[in-house]
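Try each task with the model open, then compare your steps with the worked solution.

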Amino acid sequence: MQMLKSGYSLMDVISIRLMIFFDQIEQKLTSKIDFKIGRNMNAFSDLLWGGFGIHEYAEPLHIVWIYSTQSRKALGNKYFDTIISIIENHESNNKYLELYDEHIF
């Protein structure tokens, strides 16, 4: 009997999904920058400040997150809750978040 392993652990899958999250955030909140943003929660918090081509530094930001339940499942509760906490408790006190389970537009 032979046993095959894929080589990927659960953590690897979540890490890949987290990197996809950072890629999508970079696409939505930056424009015409000549560097990649960091792929970590501190860099995400910095990105929320603005000044990267989409919204001005310290400008209010309204985030609408569609399919948030699917995102929670994909990222896991720990990472999803951390992301939500960073947005809701951002130092600027002007980041607003709406979560939806379906497409609203």
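**Exercise 1.** Decide whether Asp-81 is buried, partly exposed or exposed, then find the closest N and O distance in its salt bridge with Arg-72.

*Solution.* 
Step 1. Asp-81 has a relative accessible area of 37%. Buried means under 20% relative accessible area, exposed means over 50%, and partly exposed lies in between (1.4 Å probe, protein chains only), so Asp-81 is partly exposed.
Step 2. Arg-72, at 29% relative accessibility, also counts as partly exposed.
Step 3. Arg-72 and Asp-81 form a salt bridge, and their closest N and O atoms are 2.8 Å apart. The rule asks for a side-chain nitrogen of Lys or Arg within 4 Å of a carboxyl oxygen of Asp or Glu.

Before you go on: this is a predicted model, in which local features need pLDDT of at least 70 and side-chain atom pairs count only at pLDDT 80 or more, while totals for chains, interfaces and linings use all residues. Residues are numbered from 1 along each chain as its sequence is written, and side-chain values use heavy atoms, with hydrogens and water left out.

**Exercise 2.** Work out which parts of the model the pair Asp-23 and Arg-39 ties together.

*Solution.* 
Step 1. Look at the atoms: Asp-23 forms a salt bridge with Arg-39, with 2.5 Å between the closest N and O atoms.
Step 2. Helix H1 covers residues 10-29; helices are DSSP runs (H or I, at least four residues), numbered from the N terminus.
Step 3. Check accessibility. Asp-23 is partly exposed at 32%, and Arg-39 is partly exposed at 22%.

**Exercise 3.** Which residue of helix H1 pairs with Arg-39 across 13 residues in sequence, and is Glu-26 buried or exposed?

*Solution.* 
Step 1. Arg-39 forms a salt bridge with Glu-26, and the closest N and O atoms are 2.9 Å apart.
Step 2. Glu-26 lies in helix H1 and Arg-39 in the loop between H1 and H2, so the pair ties together parts 13 residues apart in sequence.
Step 3. With a relative accessible area of 8%, Glu-26 is buried.

**Exercise 4.** How many salt bridges does the rule give?

*Solution.* 
The count comes to 4 salt bridges.

Notes
Helix = DSSP H or I, 4+ residues; strand = E, 2+ residues; numbered from the N terminus.
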